[in-house]
Amino acid sequence: GTGGIVYRTPLPGRSSPTVPRLCDGASCRGAARRDQGPTPARRGVRYPVCMASTSPPLTAPRLAGWLVVLTLAVFGMAALWTMLGLVTNRQSGWVAVVAALDVVLLARLMRGPRGPLGMALAVGATLATIAVANWSLSAAQMGRGFGYSMTESLDRMGGELGWTLVNLANGPVDFVFYTVALAIAAWGTR
């Protein structure tokens, strides 16, 4: 390693001590950094220490809570997207970017899992939001023509018809927005 010793010190606002880690510059991502004092191993050398709080360990109850919040975010954003699409009579693919930013913000606020698991959950939630919103919009627009409510048309619409309607309703620009949204979700929770 580095030859330096990192002391156990409490972070500001915390009662239990945590171990600050040596900062490589990329892992801090703009978090507060301070120079660690001289260590016994190398007198006069100061190492930058990352003061970013580390996430608590991921336990089954924490993961279950995170999944509940993601499920609520998916259906809440899909409902808003569907209402916007019905009012404007367009697919409004740009809302996928807003949905991805919503998932990233929730991940930050709830201190969700990081790394591959966090990326998979965020991308999956964004993809689910895109799928649910597009399916709901297609069902609602199809149901209008037959005089069905949205719930009745959701119940009656099969997979092949739904896929065809989604492909017909979305243009190339919408697919670009979906791709950007998935990239934002992956990058924001890495």
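Which helix does L105 lie in? A few friendly notes on this predicted model follow.

1. To take that question first, L105 is part of helix 2, which covers residues 95-109. Together with L109 and M110, L105 makes a nonpolar surface patch of about 300 Å². L105 has a relative accessible area of 47%, so it counts as partly exposed.

2. Before going further, a word on confidence. The mean pLDDT of the chain is 79, and 70% of the residues reach at least 70. Helix 6 (residues 172-188) has the highest confidence, at 96, whereas strand 2 (residues 33-35) has the lowest, with a mean of 47.

3. Please read two stretches with this in mind. Residues 1-10 have a pLDDT below 50, and the model gives this stretch 27 contacts beyond near neighbours in sequence. The pLDDT is also below 50 over residues 29-39, a stretch with 37 contacts beyond near neighbours in sequence.

4. Now to the aromatic side chains. Three aromatic pairs turn up in a search of the whole structure.

5. Are F175 and Y178 buried or partly exposed? F175 is partly exposed because its relative accessibility is 38%. Y178, at a relative accessible area of 6%, is buried because that value is under the 20% cut-off.

Key
Residues are numbered from 1 along each chain as its sequence is written. This is a predicted model: local features need pLDDT of at least 70, side-chain atom pairs count only at pLDDT 80 or more; totals for chains, interfaces and linings use all residues. Side-chain values use heavy atoms; hydrogens and water are left out. pLDDT is the predictor's confidence in each residue, from 0 to 100. Helices (H or I, at least four residues) and strands (E, at least two) are DSSP runs, numbered from the N terminus. Contact means heavy atoms within 4.5 Å. Patches are made of residues with over 30% relative accessible area and no salt bridge: like charges are joined within 9 Å, nonpolar side chains (Val, Leu, Ile, Met, Phe, Trp, Tyr) within 5 Å. Accessible areas come from the Shrake-Rupley method with a 1.4 Å probe; for residues, only the protein chains shown count as cover. A salt bridge is a side-chain nitrogen of Lys or Arg within 4 Å of a carboxyl oxygen of Asp or Glu. Buried means under 20% relative accessible area, exposed over 50%, partly exposed in between (1.4 Å probe, protein chains only). Rings of Phe, Tyr and Trp (its six-membered ring) pair if their centres lie within 6.5 Å; planes under 30 degrees apart count as stacked, over 60 as edge-to-face and the rest as tilted.
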